[in-house]
Amino acid sequence: MDWKYETNEQFATYWDALFDWQEGKITESEKNAEMWKVIEYSGIKKEKLAEVGGSLMKTEWRALMEISWNYEGENLNFLAKVLKKQKEYLE
């Protein structure tokens with residue numbers, strides 16, 4: 001696999017962060033920061049997702065759900081706005 005290919009790099013970032021967190025190598029906050037990087041592969045910055053939502057790929061949805069379930073270090077009001085805009089976007 002070519003890890004420099006964007007989709008593969010995104011996939012590797014997601015799983016590396018998740019495994020590192022599960023093994024105790026990084027904190028939940030650090031894992032969430034990596035998950036936001038995964039989501040931003042969609043081309044929409046974190047702040048913009050709270051304003052307009054966006055079309056996310058499966059790995060990006062998984063990252064957003066990982067942040068939602070394990071939200072240490074997150075601004076919960078901001079996260080609620082992102083999830084609400086995603087719901088509106090999909091409707």
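How are α2 and α4 oriented relative to each other: roughly parallel or roughly antiparallel?

1. Start with the overall plan. This is a predicted model, and the protein in it has 5 helices and 0 strands.

2. Next, look at the overall dimensions. The C-alpha trace spans about 35 × 30 × 15 Å along its principal axes. The protein has a radius of gyration of 13 Å, close to the 12 Å that the globule rule gives for 91 residues, so it is as compact as a globular protein of that length.

3. Now for the inside. Of the 91 residues, 36% are buried. Among contacts with a separation of 6 or more, 61% are between residues 24 or more positions apart.

4. Back to the opening question. Helix α2 covers residues 28–39 and helix α4 covers residues 58–69; they pack at an angle of about 150°, and their axes lie 8 Å apart. Angles over 145 degrees count as roughly antiparallel, and α2 and α4 are therefore roughly antiparallel to each other. Their crossing is left-handed.

5. From α2, the contact uses Lys31, Asn32, Met35, Trp36, Val38 and Ile39. From α4, it uses Thr59, Glu60, Ala63, Leu64, Glu66 and Ile67.

Methods
Residues are numbered from 1 along each chain as its sequence is written. This is a predicted model: local features need pLDDT of at least 70, side-chain atom pairs count only at pLDDT 80 or more; totals for chains, interfaces and linings use all residues. Side-chain values use heavy atoms; hydrogens and water are left out. Axes are lines fitted to C-alpha atoms, for helices over the stretch in contact, and angles run from 0 to 180 degrees between N-to-C directions. Helices (H or I, at least four residues) and strands (E, at least two) are DSSP runs, numbered from the N terminus. Angles under 35 degrees count as roughly parallel, over 145 as roughly antiparallel, 65 to 115 as roughly perpendicular and the rest as oblique. A crossing is left-handed if the near helix is turned anticlockwise from the far one by less than a right angle, and right-handed if clockwise. Contact means heavy atoms within 4.5 Å. The radius of gyration is taken over C-alpha atoms; the globule rule is 2.2 Å times the number of residues to the power 0.38. Buried means under 20% relative accessible area, exposed over 50%, partly exposed in between (1.4 Å probe, protein chains only).
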